[in-house]
Amino acid sequence: MLTRVFSPVRIGSLRLPHRVVMGSMHLNLEHDPPALAAFYRERAEGGAGLIVTGGAGVDRAGAGSPEYLVLSEPGAWDALEPALHAVHQAGALLALQLFHAGRYAMGVTPVAPSAVFSRFSRQTPAAMTEEQIQQTIAAFAAAAATALRRGFDAVEVMGSEGYLINQFASPLTNLRDDAWGGDEDRRAAFPLAVLAAVRAAVGADFPVIVRTSGADFVDGSSTPEQSADLALRLAGGGADALNIGIGWHESSVPSVQSLVPHGMWLDIAGGIRRRIAQAGLDVPVIGSNRVNSLPLAEQALARGDVDLVSMSRPFLADARLVATSRDGDLDLVNECIACNQACIDRSLGVERVSCLVNPRAGRELEFPLLVRGPEPRSPRVAVVGAGPAGMQAAATLAATGAPVDLVEASDSIGGQFLLAGQVPGKEDYLATVRYFRHELARLGVRIRTGAAPSAADLADHAHVIVATGVRPRRVALPGAGALPVLDYQEAFAAPWRVGRRVAVIGAGGIAVDLAHLLVEGVGLGGPDGVQGRGGDHADSRTAERARFRREAGLDQPHAGAPAREITLLRRGRHIGEGIGPSTRWAVLQAIRIAGVRSRTGVEYRRITPDGLVVADADGVEEVIPADTIVVAAGQEPHAPLAAELAALGIPHTVIGGALDASGLNAVRAFEQGLRAGTAV
Ligand code: SF4
């Protein structure tokens, strides 16, 4: 029961029907008003009550990149108008996020409280003059006043995640010794001055939300106690609600990656909420980061950590998240798996944001909602292979009214997501498989597993979509009989066949995932066993949080030796190539702290009873001690069915890894599934 989630709440003069705010996301759709409006309309129709726009720069220097709207320039307000109209037509509310990137701005000479180099923007900003500070405060106020006049329902002042207001509050980035810096009081002056100016511009009744940092997680920056002090001042300074952000772009502690356990940071919001209550203030607190389902929000509300939750990426993954949850169909919610591949990684560049598990996101006009007709619209279509591409194709086809047979050679649908779901911190991938299992059933797709059909078996189908995936690439080395050699699929399927000392040939995304799984000891106790350090059990929530804290560097690494000695080996120079930029550093940090070693720039020479012999660039040989060799050196398309179908003249389309195995790109696989499903 989600009774707390679906209880009304107030933010200032606004009355919201439930406790879920659709949080701000920069979409790279902002310069395409019809597409932006269609994106928000679908979320509003799907039950979002209050939506916060992506950050809009209050002036040019504050824009995060050239893709951002700039509220002080002509055109920005008109670009937002269709979105505002669409949200209101659907009965929801729209808050405009007022944004200034400070030293994180790209494409301009950034300004900031002090000239402190940013590892994120790779620039050193200019320290703001007094005149620039006053102009910036005025720009926030002017934007808020226009938002009120234009019919927005609220504004959110962006003051977390390491952007300008957060930079003023931080002793790391604010080195001033004037009215705006020098001690904690003066570092709070800019955030409070912006809030006061915004409040003065909009009056007492217009809701002003402030997103403020609960924890910066950057060495030398504000402590969580200092962040809570500032939050308290903002609550007393006129904010109608506080939305608590976690981490900076330069943080060494992961805050939004799949490694981060669900709801990991909500207790930080809870601490701030308790301090606000102790101060006798009535300012609701909104918690965020790694809240990907409404049952999780319900738990946080029950604990008293938050008054509302802000969910952003989950609305990319499923526009009807709120409506479907309210109807009790939780198995039909397509959950965000925190992969970041089609959203955060794209928002850092210029590509349109979408969602790996929901490729329609951001393309609502290109792929209008598929509405099933009263009668089947065509003869049966077969989809062979039930990995990401096949599942998406089958669901898309069925949604158009086509009768669909989905045929899978293995015992279960899910393909590579079943492997990924075993990896520590990637358990959410199994939620995607759960979703498709239920969605395909809802759509009437006939699923047959444990069957590898021939082309002749499919002759009565009007069209066949071949989504048979990939096979691991083989690597032939002298001495292969000296030690057990497994490919990555075999190692994932039967980790108990992997010994205690493992040399992994290859160090891309799959190899890194496999190393993370094996180093935890999965399979060492037999087919159902885990022999981790200190008796850890991967399915324990407490152990999951403890492991994350160790792997994020928040606690000391485990004293014991790793459950397995793993060495990742690579001919090239980089480990984890192909993992998205917002995730790669966190995963590499996690496996390094967990004890996985790596070697790059090596040639594989031969296998001996003692391990794998490699040579460096000078030809100097070395034995990597191992009792098992695992090959994770890429994959190749597997589509023998396509040639058979062609020989029989059966119309067919090849998609996903069966078409192109390079990089084993799940974003591409889901997109091709969507396109094939609408094209047939
Ligand atoms: Fe979530 Fe990944 Fe989709 Fe982003 S791309 S919304 S992280 S599932």
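Mentor: The buried residues of helix α21 (20 or more other C-beta atoms, placed from the backbone, within 10 Å of a residue's own) are A666, V667, R668, A669, F670, E671, Q672, G673, L674, A676 and G677. The model is a predicted one, in which local features need pLDDT of at least 70 and side-chain atom pairs count only at pLDDT 80 or more, while totals for chains, interfaces and linings use all residues. Residues are numbered from 1 along each chain as its sequence is written. Helices (H or I, at least four residues) and strands (E, at least two) are DSSP runs, numbered from the N terminus.

Helix α21 is mostly covered, with 11 of its 14 residues buried. Its cover includes α13 (388-399), β16 (463-466) and β27 (652-654), where contact requires C-beta atoms within 7 Å, placed from the backbone. The end C-alpha atoms of α21 (residues 666-679) are 20 Å apart, which agrees with the 20 Å that its 14 residues should span at 1.5 Å a residue, the expected span being 1.5 Å times one less than the number of residues.

Elsewhere in the model, eight strands close into a barrel with parallel pairing, in the order β3-β4-β5-β8-β9-β10-β11-β12; pairing requires at least two DSSP bridges. From one strand to the next the twist averages 30°.

Key. Axes are lines fitted to C-alpha atoms, for helices over the stretch in contact, and angles run from 0 to 180 degrees between N-to-C directions. A residue is buried if 20 or more other C-beta atoms lie within 10 Å of its own, exposed if 12 or fewer, and partly exposed in between; C-beta atoms are placed from the backbone. Two residues are in contact if their C-beta atoms, placed from the backbone, lie within 7 Å.
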